[in-house]
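Here's a quick briefing to read alongside the model. Have the sequence and the 3D view open as you go.

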Amino acid sequence: MAGDWWRDAVIYQVYVRSFADGNGDGIGDLPGIRSRLPYLAGLGVDALWITPFYTSPMADGGYDVADYRDVDPTLGTLDDARGLVRAAHEQGLKVIVDIVPNHTSSRHEWFRQALQSAPGSPERDRYLFREGTGDAPPNDWESVFGGGAWTRLPDGQWYLHLFDPTQPDLNWANPQVRDEFHDVLRFWLDLGVDGFRIDVAHGMVKQDGFPDVGAQEQHKLLETRPLPYFDQDGVHEIYREWRKVLDTYDPPRIGVAEAWTATAERLARYLRPDELHQAFNFHYLTTGWEARALREVVDHSLTAIPAVGAPATWVLSNHDVHRHATRYGGGPAGVRRARAAILLMLALPGSVYLYQGEELGLEEVLDLPEEVLQDPMWERSGHTDRGRDGCRVPIPWTRGGSALGFGADGSTPWLPQPEAWSELSVEAQTGVEGSTLELYRGALHTRREHPALGAGDAVDWQDSEPEVLWFSRTAAGRTLHCAVNLGPEPARLPAGTVLLASDEYEVDGSDTLLPTDTSVWWEA
Ligand code: GLC
Ligand code: CA
């Protein structure tokens, strides 16, 4: 079923500025990605999601788009994009690109026109301009990056930006905005992409009347309920229109929602049959290393998402959060848990998102010097939140060289790589039994050939001690068991033929003694 490839796909996120630098200017780019396609194909992933590479002042790493139909000169050219998509397809890899519809860059032609036009003009109506009250902004909405969500112009009007002031929010009630994005979708679909990751998919529609939230630290409230600017029911109409565009291609192209919602049920609404195909499972990502909580989020996801006919998805890291090896405690213990976590995640039914560098066991870089920090969060938070640069440090490919192979020797990566990453490089781990890279390779290849890994939408939990997660899955006459020990003592399991384990274990007769923070796959 060529059109259904995404249902159990493993999708690898490439953060373009930090993956591979083709021309040695210190910034990752499209030719760099192209040169590493054989690595990705060999790793065993099915698709790439590439973060925005469009023309941008890079105030938010490219999530501030000035021209949706061109490539930023620091990252390549349109021809590079075309060549990359073609080369990926030749390697059997699908390509998903990011689309940023909630806001443009303030350097976008439309926003320039809006600034030059009068209050009430059609140019201003493409964005969300409002009058304040006296010197106060129109309402109490907060920017996700810190501070208020409104910026005032010299003529007195305010414009809304849920993120940085250089990212003005578009007015999705304006038909011109809707038409423009249909056209942008078609532009990239015609160029050959297989789908879109939709940035801030829960943000485009704002509640009528722009009511106050009446609280501070508002985006934390989103964990319990929609906000007047997030997860409004009106967004679904936009995705129904987008779905029609995606379905005009053969096989149909896919849409993946970056939607933060209070519950898995609210998330499932983005995945109804006439809307999008997948959404990131942030409820899974934000769950700690704790057996009961993990089991609950797995069960909850597998109840809510397949109920609308969509596959569940699983994700542990991306370019916006601390790397999970660090969230799980950091150091050797954190990495050990991260290794156990990948076998758990890859055994679950549905689709999996990996973030570049997790296959190397990379941890968050917590000690970047202040002067190199680029994430707008750092400034917007008044230097209290260091932001997201620590998960965006360029990938180490080789043991040696000034950029560890990220760029040519002699080049300087835009964020400094820790010295210890030399021994975590792709070169250092390749062919080394027990390395995290080889664990990922082995797991991804096993997942590809084993019918009980990936497909379907349910797991069969087995009786186990409370701190052990143990389930089985059966398909095409083969049963696969996955067990993870999150407790402090070794766990005894009847593991027959072990296919893969995240670390060493002991055998006692026909039993396996699974140490703490270790996972194992076996066939019964
Ligand atoms: C999404 C992106 C994030 C970006 C924000 C604003 O959350 O993942 O990196 O800063 O949207 O576009
Ligand atoms: Ca470059």
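Which residues are the closest to ligand 1? Among the 14 residues that surround ligand 1, the closest are Asp60, Asp199, Glu258, His319 and Asp320; a residue counts as near a molecule if one of its heavy atoms lies within 4 Å of it.

Before going on, some housekeeping: this is a predicted model, where local features need pLDDT of at least 70 and side-chain atom pairs count only at pLDDT 80 or more, while totals for chains, interfaces and linings use all residues. Residues are numbered from 1 along each chain as its sequence is written, chains are lettered from A and ligands numbered from 1 in the order in which they are written, and side-chain values use heavy atoms, with hydrogens and water left out.

**Around ligand 1**

- Asp320 puts a side-chain N or O atom 2.4 Å from an oxygen atom of ligand 1 (a polar contact is a pair of N or O atoms within 3.5 Å; within protein, one must be able to donate a hydrogen and the other to accept it, and residues adjacent in sequence count only if both atoms are side-chain atoms).
- On its own, ligand 1 has 310 Å² of accessible area, and the protein covers 96% of that (Shrake-Rupley method, 1.4 Å probe; for residues, only the protein chains shown count as cover).
- The shell around ligand 1 splits into seven charged, four nonpolar and three polar residues; here Ala, Val, Leu, Ile, Met, Phe, Trp, Tyr, Cys and Pro count as nonpolar, Asp, Glu, Lys and Arg as charged, and the others, Gly among them, as polar.

- Asp21 and Asp29 are both buried (under 20% relative accessible area; exposed is over 50%, partly exposed in between; 1.4 Å probe, protein chains only).

**Strands and sheets**

- Eight strands make an open sheet with parallel pairing, in the order S11-S10-S9-S5-S2-S1-S13-S12. S11 (278–279) and S12 (313–315) sit at the edges with a single partner strand each, so one side of each has no neighbour in the sheet.
- Helices (H or I, at least four residues) and strands (E, at least two) are DSSP runs numbered from the N terminus, and two strands pair if DSSP finds at least two bridges between them.
- Inside that sheet, S9 (residues 195–198) and S10 (residues 254–257) pair in parallel over four bridges, with Ile198 opposite Ala257.
- S20 (residues 511–514) pairs antiparallel with S17 (residues 491–493) over three bridges, and three bridges also join S20 to S19 (residues 506–508), again antiparallel.
- S19 and S20 form a hairpin with two residues between them, and Gly509 in the turn has a positive phi of about 60°.

- Asp250 and Pro251 are joined by a cis peptide bond, omega about -5°; Pro251 is in the loop between H7 (235–247) and S10.
- Met58 is not a glycine, yet has a positive phi of about 65°; Met58 counts as buried because its relative accessibility is 19%.
- Asp231, in the loop between H6 (218–221) and H7, also has a positive phi, near 60°. At 2% relative accessibility, Asp231 counts as buried.
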